[in-house]
Amino acid sequence: SALTSIAIPNLVTSIGSSAFSNATSLTSITFGTGSQLATIGIYAFYGTTVLNSITFGANSQLNSIGDYAFYKATNLTTIAIPDTVISIGDHAFRAAEALTSIAIPDTLTSIGEWAFYGTTSLTSVTFGENSLLTSIGEYAFQYATSLTSITIPNSVTSIEKYAFRYTYNLASITIPDSVNIGDQAFYNISTNPTVYVRDVSPVTFEEF
């Protein structure tokens with residue numbers, strides 16, 4: 001409980017389940033240049049309530065962030081997810097209440113259920129132009145109450161139920177025309193939102 005910072009050696013390939021869970025004094029984590037870390041396990045940094053800095057060096061090999069990995073990391077404001085990450089697990093950043101922005105790398109194929117649930121300070125979610133992401137899980141951004149606009153990349157084929165429910169200030173939505181939208185995916189968002197449906201070939205927009 002007194003641990004305040006940690007630098008993960010480059011040869012470490014995985015962080016196991018609950019490895020730093022409830023490290024309540026931990027403020028920073030550093031992964032060096034060329035880090036071979038591939039997996040952050042479930043609950044790895046659960047309950048690290050004062051964690052505010054996560055640094056990944058260049059050429060990181062990280063490819064998965066496990067379920068609940070940063071759940072209740074309530075002081076985390078930003079994280080630069082390496083462009084090698086393939087999956088973000090269920091509840092991975094749930095209740096990261098101070099998180100203000102997130103950039104989704106092109107390599108990501110799925111955002112798990114409840115992944116960013118309750119990220120009430122989140123104002124920006126950025127997807128790359130060549131995103132491989134195909135699905136946004138159930139409850140993924142529910143209660144992201146500071147989010148005002150979202151542009152879903154062309155690759156997404158499924159937005160699961162309740163994904164953006166109760167994002168009260170979400171006023172602008174851009175989605176591809178072929179996406180499957182689950183029950184109440186956009187329930188109780190901003191009054192009279194603007195929705196742009198994008199036909200991806202050729203790229204045109206229709207407003208509703």
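**Aromatics, core and strands**

Arginine 94 lies over the face of tyrosine 117, at 4.7 Å from the ring centre; for a charge to count as over a ring, NZ of Lys or CZ of Arg has to be within 6 Å of the ring centre and within 35 degrees of the ring normal. This is a predicted model, where local features need pLDDT of at least 70, side-chain atom pairs count only at pLDDT 80 or more, and totals for chains, interfaces and linings use all residues. Residues are numbered from 1 along each chain as its sequence is written, and side-chain values use heavy atoms, with hydrogens and water left out.

**Charge over ring**
- Arginine 165 puts its charged end over the ring of tyrosine 162, 4.1 Å from the centre.

**Aromatic pairs**
- The whole structure holds 20 aromatic pairs (Phe, Tyr and Trp rings, with the six-membered ring for Trp, whose centres lie within 6.5 Å; planes under 30 degrees apart are stacked, over 60 edge-to-face, the rest tilted).
- Tyrosine 43 and tyrosine 68 have ring centres 4.5 Å apart and planes at 5 degrees, so they are stacked.
- That pair links distant parts of the chain, 25 residues apart: tyrosine 43 is in the loop between β4 (39-40) and β5, tyrosine 68 in the loop between β6 (64-65) and β7 (78-79). Strands here are DSSP runs (E, at least two residues), numbered from the N terminus.
- Tyrosine 43 is partly exposed at 29% relative accessible area, and tyrosine 68 is partly exposed at 22% (buried is under 20%, exposed over 50%, partly exposed in between, with a 1.4 Å probe and protein chains only).
- Tyrosine 46 and tyrosine 71 pair edge-to-face, 5.4 Å centre to centre with 65 degrees between the planes.
- Tyrosine 71 is buried, with a relative accessible area of 14%.
- One aromatic cluster takes in Phe20, Phe45, Phe70, Phe93, Phe116, Phe141, Phe164 and Phe186.

**Nonpolar core**
- The largest nonpolar core has 57 residues (buried Ala, Val, Leu, Ile, Met, Phe, Trp, Tyr and Cys joined through side-chain atoms within 4.5 Å).
- Among the residues with the most contacts inside this core are Ile29, Phe70 and Phe164.
- Strands that each supply at least two core residues include β1 (5-8), β3 (28-31) and β5 (53-56).
- Isoleucine 29 touches residues including Ile6, Phe45, Ile54 and Phe70, leaving aside those up to four places away in sequence (contact means heavy atoms within 4.5 Å).

**Strand pairing**
- β1 and β3 run parallel, joined by four bridges (pairing takes at least two DSSP bridges), and alanine 7 stands opposite threonine 30 in β3.
- β3 and β5 also run parallel, with four bridges; phenylalanine 31 has phenylalanine 56 in β5 as its bridge partner.
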